[in-house]
Amino acid sequence: MQPGNTRREFLLLGGAAVAGAAGTTFAASDTQPPANVPPANVPPADAPVVREAPAEFGGFSRWKPTFGGPPTADHYLGKLVPGLRGLGLAPVPVEIPDLPKLPFKMVGGVKEFELRCTPVKREFLPGYPMDVWGFNDSMPGPLVEANQGDRVRFIVHNELPEPTSMHWHGLELPVSEDGVPGLTQNPIMPGKSYVYEFDLHQAGTFFYHSHMAMQEAFGMVGGFVIHPKVAFDPPVDRDFFLIFQNFHIAPNQTISDSMAMDWNWHTINGRSGPFTTPLVVRHGERVRVRLMNFSPMQHHPIHLHGHTFWITGHEGARIPPSAWVPRNNTLVGVAQATDFEFVAFNPGDWIFHCHMVHHMMNHMVQQVGPRIRDDSDVSDYQNQLATRPRVRADFTTDSGFRTPGYPQNMQHMHMGEEMMMKIMHRREVQGMRKMWHMGVHGLMTVLRVLPPELYDLVMNSDEMVMPGTVFDRIVKGDYAKDYQQ
Ligand SMILES: [Cu+2]
């Protein structure tokens, strides 16, 4: 890789791409934005398209699907193509959709964090608040972001009705801080607190979790990123963290059956598709996704459409580039984390999902029969039918989809008002196709690769963006042609 002039050219090109806007078909709102909000960069529809010819890296273009290569080359499938940032800078902050970050304060040169182990009501889908356990009233818990070389202190308060213990997964720390009940410490009893303190000499994607098995199944986990002092080369422009989980929650229940072996509710950062918030990036950016699987029992083959990604790290450590593997689907096992990196060269709304078919649905139930124990028989069930009313199967008015079989038979995609508001009225989904949510369930989210002008329109402006307009602009507009000179 020759980062010198080439990288500077790219920075300029990035600026030129933002300035060289193409026409748009968006409907503008009637109201002017407030004085302190700059107007969106949307020129009239007949504005000329001005854009620099895309520079290429060894046959690979950041603006369109290209091979690069040969396979031994730095730029084969975009392998070492840098982001639009310069070399030698600090890493970009991690973005964790739908979850908070854990604040800290400096106390005597130590980064001090506080974690409360708490019951949590987490809305997996609008109208579906589930009873789970987590940290600081969040499930998964808040993201811990720290730097290589930090000394950290965690004050852990147990607000659960039973003992707990905290483990720092993957960290090379003194055994007294490792958080295994009995083996390395006494459990933290209800109402009590415990202090962990250690140095961080590693860098990478880690996590923290209760070391009580059933508590793990209830959701007690959070992400833990340790940044290197200088961003890894090639630098990424965007850095996301996603936590994949499974739960078994029977119809009309809100508590997960942690003894289950199959799982019917699936969440990314505590939400099920289509409530998962899309990852919105600019066309041409280099992107990292740190994907962690904290499902109790099941592994996830993770698939990204429209792009080839490189596996650049695991929860162990950064992988040397000579050992990176290009994939479009990779298996992430239980309690593993994998770092994906790719250049977002292909504009559009791309599904990013687990490929297990049972993980591409939600709240599935058995179609027939009660589950009975071998000391019981079906007459016990039949004698209690009055206490087990049939689930209402009204697809037109049941906004909550509280319906056996949903969504395998896809009877109706009607969404109630609350679900519609919370899913469709988010900045990140503006301009997607009107019925996009039909194809996004369970362990699915969306990667939106938007040309800079459309990115600013969606993410940074107060313009009204009509359903379908951004997608149409990419598919039918001039962008594809502009970038494929
Ligand atoms: Cu899966």
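In the predicted model, five strands make up an open sheet of mixed pairing, arranged in the order S14-S22-S21-S16-S19. The edge positions are taken by strand S14 (279–282) and strand S19 (329–332); each has a single partner strand, so one side of each lacks a neighbour in the sheet. On average, and with direction ignored, neighbouring strands of this sheet are turned by 20° against each other. Strand S16 (residues 300–304) runs antiparallel to S19 and is joined to S19 by 4 bridges. Within this pairing, His303 has Asn329 of S19 as its bridge partner. Helix H5 (residues 452–460) lies across S14 and strand S22 (444–450), and runs at about 140° to S14.

An open sheet of 6 strands, also with mixed pairing, has the order S13-S12-S15-S20-S17-S18. Its edges are strand S13 (265–268) and strand S18 (325–327), each paired with a single strand, so one side of each is left without a neighbour in the sheet. Neighbouring strands here are turned by 30° against each other on average, direction ignored. Strand S17 (residues 309–314) pairs with strand S20 (residues 337–343) over 4 bridges in the antiparallel sense, and Gly313 stands opposite Asp339 in S20.

The average pLDDT of the chain is 82, and 78% of the residues score at least 70. The pLDDT is below 50 over residues 1–53, a stretch with 71 contacts in the model beyond near neighbours in sequence. Residues 398–413 likewise have a pLDDT below 50, with 34 contacts beyond near neighbours in sequence.

Definitions and conventions. Residues are numbered from 1 along each chain as its sequence is written. This is a predicted model: local features need pLDDT of at least 70, side-chain atom pairs count only at pLDDT 80 or more; totals for chains, interfaces and linings use all residues. Two strands pair if DSSP finds at least two bridges between them. Helices (H or I, at least four residues) and strands (E, at least two) are DSSP runs, numbered from the N terminus. Axes are lines fitted to C-alpha atoms, for helices over the stretch in contact, and angles run from 0 to 180 degrees between N-to-C directions. Two residues are in contact if their C-beta atoms, placed from the backbone, lie within 7 Å. pLDDT is the predictor's confidence in each residue, from 0 to 100.
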